[in-house]
Amino acid sequence: MAWRCLLVVVLIAAGCSRDPSSPVKDAGGREQALEAQGIDTAAPHLRYTFLAKDGKFKMAQKAQEVPPEARGAVMVVDLSQLGGETDLVRVLDLRNPSASGRYPARLMDRPTFERIARRLQEQNRPPVVMYATSWCAVCARARTFLREHGVKYVEHDVEKDPSAASRLREKAAKAGVEAKGVPIFEIGERILPGFDEGTLKRMLNL
């Protein structure tokens with residue numbers, strides 16, 4: 001399916017100077033009409049594109065099929081209006097309907113939509129702290145895994161930073177987890193000993 005078609009989209013971010021999430025004005029005034037009328041997700045012929053946990057954009061036939069964590073920025077295609085082509089897409093925030101039950105839509109270019117979706121996915125992840133050492137081979141593999149999946153994290157070397165090691169012991173004891181060996185991850189309020197890719201993917205929505 002061609003991406004360069006008449007689409008529906010919602011803007012979510014705020015910023016200063018030139019915010020990349022700002023809608024692109026359409027010469028035909030469609031942006032104002034979309035904002036005023038909104039989109040009825042019960043309408044037929046709509047297809048929804050969202051950013052999935054694996055970092056790939058996927059499509060759903062119904063709004064309710066879009067995962068809750070991906071509803072902040074969703075691109076919508078009206079299959080009944082696949083005539084003219086445009087550089088703009090339409091986007092909506094499926095988390096916040098108006099009083100009428102419709103979703104206000106904004107026009108923007110596709111790269112802007114993708115940046116917003118990825119930024120929201122990153123914001124939805126819990127903070128990650130890795131306790132490690134410089135010589136630990138498993139820690140090195142864990143670093144590679146986090147980098148490859150675009151996960152931002154803070155690392156503490158428990159040998160070079162005694163205060164970090166002490167904090168880890170206290171948090172692990174409180175969580176009922178043995179803080180033996182490294183790496184040990186602090187993800188949100190949970191303590192995860194060892195490096196298990198499957199568990200990390202589930203906890204980080206990867």
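**Close-up views of a predicted model**

**View 1. Glu178 and Lys180 form a salt bridge, with their closest N and O atoms 3.9 Å apart.** A salt bridge here is a side-chain nitrogen of Lys or Arg within 4 Å of a carboxyl oxygen of Asp or Glu. Glu178 is exposed, at 57% relative accessible area. Lys180 is exposed too, at 66%. Exposed means over 50% relative accessible area, buried under 20%, and partly exposed in between (1.4 Å probe, protein chains only). The structure holds five salt bridges. This is a predicted model, in which local features need pLDDT of at least 70, side-chain atom pairs count only at pLDDT 80 or more, and totals for chains, interfaces and linings use all residues. Residues are numbered from 1 along each chain as its sequence is written, and side-chain values use heavy atoms, with hydrogens and water left out.

**View 2. Arg143 and Glu155 join through their side chains in a salt bridge of 2.7 Å, N to O.** The pair links distant parts of the chain, twelve residues apart: Arg143 sits in helix H3 (residues 137-148), Glu155 in strand S8 (residues 154-157). Helices (H or I, at least four residues) and strands (E, at least two) are DSSP runs, numbered from the N terminus. Arg143 counts as buried, with 15% relative accessibility. Glu155 is partly exposed, at 31%.

**View 3. A salt bridge of 2.9 Å, N to O, connects the side chains of Lys171 and Glu186.** This pair also links distant parts of the chain, with Lys171 in helix H4 (residues 162-175) and Glu186 in strand S9 (residues 184-187), 15 residues apart. Which partner is buried? Glu186 is, at 12% relative accessibility. Lys171 is partly exposed, at 34%.

**View 4. The peptide bond from Val182 to Pro183 is cis, with omega near 5 degrees.** Pro183 lies in the loop between H4 and S9. Most residues other than glycine have a negative phi, and most peptide bonds are trans.

**View 5. His45 has a positive phi, near 70 degrees, in a residue other than glycine.** The residue belongs to the loop between helix H1 (30-37) and strand S2 (46-51). His45 is partly exposed, with a relative accessible area of 46%.

View 6. Cys136 is buried, at 8% relative accessible area. Cys139 is buried as well, at 0%.

**View 7. The largest nonpolar core has 17 residues.** Such a core is a set of buried Ala, Val, Leu, Ile, Met, Phe, Trp, Tyr and Cys residues joined through side-chain atoms within 4.5 Å. Leu146, Phe185, Ile187, Leu200 and Leu204 have the most contacts inside the core. At least two residues each come from strand S7 (128-132), H3, S9 and helix H5 (197-203). H3 gives the largest share, four residues.

**View 8. Ile187 is in contact with residues that include Pro126, Pro127 and Leu192.** Contact means heavy atoms within 4.5 Å. Leu200, Met203 and Leu204 also touch Ile187, with its neighbours within four places in sequence left aside.
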